[in-house]
2 protein chains.
Amino acid sequence: MRHRLKDVAERAGVSVKTVSNVVNGYVHVRPDTRARVEEAIAELNYRPNLSARHLRKGRTGVIALAVPELDIPYFAELARYVVTAAADFGWTVLIDQTGGGREQERVVASGITDHLIDGLIFSPLALTAEDLAGLDGTPMVLLGERVDHGPADRVVIDNVGAAREITGHLIGLGRRRIAAIGSQRTDEGASARLRLAGYGDALRAAGLDYDEALVAPASAWHRADGAAAMRGLLTSGVRPDAVFCFNDTLALGALRALHEAGLRVPEDVAVVGFDDIEDGRFSIPTLSTVAPDKAQIARLAVELLANRLDGDRAAPARELSAPYRLELRESTQTP
Amino acid sequence: MRHRLKDVAERAGVSVKTVSNVVNGYVHVRPDTRARVEEAIAELNYRPNLSARHLRKGRTGVIALAVPELDIPYFAELARYVVTAAADFGWTVLIDQTGGGREQERVVASGITDHLIDGLIFSPLALTAEDLAGLDGTPMVLLGERVDHGPADRVVIDNVGAAREITGHLIGLGRRRIAAIGSQRTDEGASARLRLAGYGDALRAAGLDYDEALVAPASAWHRADGAAAMRGLLTSGVRPDAVFCFNDTLALGALRALHEAGLRVPEDVAVVGFDDIEDGRFSIPTLSTVAPDKAQIARLAVELLANRLDGDRAAPARELSAPYRLELRESTQTP
């Protein structure tokens, strides 16, 4: 009793050809006939050809990866790994760019258009645990620390530890006036808070003062924001001898601002980023950075989602941690 | 007669709660009960809550943007513009990364999972007009020149003219040994062929020889490919005084290879790219490039798709052209 074009035609009292014309949007259908056919489509819940295998479970075979911004290369690179990992499960991955706004993130969390997708791998910026509590539950794996207290499975990296290590690397070079670029208000994102905490830890461990004047906020993390923040630090008179940028695009902007100011990297100011995007392997100078294991993040997220889809959806949420390493390049090492 | 949980429960001879448990994947359902419920779901073509407005037309309210690679920043930037333009039509845009393979591109062109999406904006690399001819027609707008002879609406820019102009800019600087990086076999992509044609036109117009030895192939257009091609040109002994890279990521790789070889840009070798990605506004030196009007490309594509969805799907395909301009920066201009 799965409905076909024929069923719609019978219900609407028209020919199969007419239904086909309406479904395919041809204009030469009388408005009242079109209305009758559309009514019959809605009543029978007619949908063309969803693949039988997924349909048996009421599924589409499609999952979504929702990220704030694809033009932050970290997310574009992560997307490639998620597509690869999901192919092992026969899933098509569609990518939703939320813009990081809370309302758009709520729409995504509710299954995009009411259960169009089977599941979701989600890197939220603005969403809260309360937003998720009200939803009827598109199976979801969260990336990062924005939403905690376990409303859903989650993959994280040790942001505090990674930030502490990369700051420690700068201290190990003998730098003492280490700036940070990318701090944010708590409602803007969790990564900034954790990376700032790791930065502070490293300074304290080395007996260095935490100086507010060396910490530059950036509510977005694009190159332009990094360049502007670096220019601000240079004109403020704080005279940094190193800078930890909370992502690589900020760092690439900072490199540009230092170049324009006639300062040498790393001789005058050493620079580090976070993410290990491809850009930093070709920039002049190349960029030292924290390299999260993106392939592993993607694999863990896909596996958690698969387990959730085929297993007990009411089971307690799980949290898995992916590794990272430091990639040390020209921006902190004189040849 | 749109089916609800209750209808599935009646057909399967179980409680609504049991159907809900199956749909939500809870494990504490007996296998034979689960099988009966799944059978009933399939028979009734039960799908939860597709939005009524779209359903009336048999639609999902979702379109896809299919691109070869999101980590080519041009496509990530274009995606942002498409999301913005589509919002005016109330569409959610999901992004499919095809990898540029013909089989994956065929899957996308057939509507991803059988009409999951209402329509498609598609930048193919490998797809042919014959591939499209066999499909039952997910409404589609093509971007670029890969598929011509009008099987679908299309948005293009004048690649030949743009390549001629940017090469002419290099000739105007007095450069005479102008290399090209990014040529491809005809089955690898159409942009390479058109940009190479424009490059050749400009040389001929200036009375310069077209020298095969100055043309470096690159089957992928990432930074690493540009760096490798540039190194090849430098060691081959052809001694270029300028290079036209067929996209910006190739050019950023070439800048890196020139830096490593101790050559100055633009004094020793002037460099231009194509795409105007954000990276080139912050690189050292900043990159001269062709800037296609990405916002306009996105807007035209979305409007063509809207017209096709609501209009006559059998009407002849339309082709629209978006403008471009040259952005001249440090890589061709001594301060």
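Which residue in β9(A) is the bridge partner of Ala242(A)? In this predicted model, the bridge partner of Ala242(A) in β9(A) is Ala270(A). The model is predicted, so that local features need pLDDT of at least 70 and side-chain atom pairs count only at pLDDT 80 or more, while totals for chains, interfaces and linings use all residues. Residues are numbered from 1 along each chain as its sequence is written, chains are lettered from A and ligands numbered from 1 in the order in which they are written, and side-chain values use heavy atoms, with hydrogens and water left out.

Strand β8 (residues 242-245) of chain A and strand β9 (residues 270-274) of chain A run parallel and are joined by 3 bridges. Two strands count as paired if DSSP finds at least two bridges between them; helices (H or I, at least four residues) and strands (E, at least two) are DSSP runs, numbered from the N terminus. An open sheet of 6 strands in chain A has mixed pairing and the order β7-β6-β8-β9-β10-β12. Because β7 (215-217) and β12 (324-327) of chain A stand at the edges, each with a single partner strand, one side of each is left without a neighbour in the sheet. From one strand to the next, the twist averages 15°. Helix α10 (residues 190-205) of chain A packs on the sheet, where it touches β6 (178-183), β7, β8 and β9 of chain A; contact means heavy atoms within 4.5 Å. The direction of α10 makes about 165° with that of β6(A). Axes are lines fitted to C-alpha atoms, for helices over the stretch in contact, and angles run from 0 to 180 degrees between N-to-C directions.

Helix α11 (residues 223-235) and helix α12 (residues 248-260) of chain A have axes that come within 6 Å and cross at roughly 45°. The two helices are therefore oblique to each other (under 35 degrees counts as roughly parallel, over 145 as roughly antiparallel, 65 to 115 as roughly perpendicular and the rest as oblique). The crossing of α11(A) and α12(A) is right-handed; a crossing is right-handed if the near helix is turned clockwise from the far one by less than a right angle, and left-handed if anticlockwise. Residues of α11(A) in the contact include Met230(A) and Leu234(A), and those of α12(A) include Leu250(A) and Ala254(A).

Helix α1 (residues 5-12) and helix α3 (residues 31-44) of chain A pack at about 125°, with their axes 9 Å apart. The crossing of α1(A) and α3(A) is right-handed.
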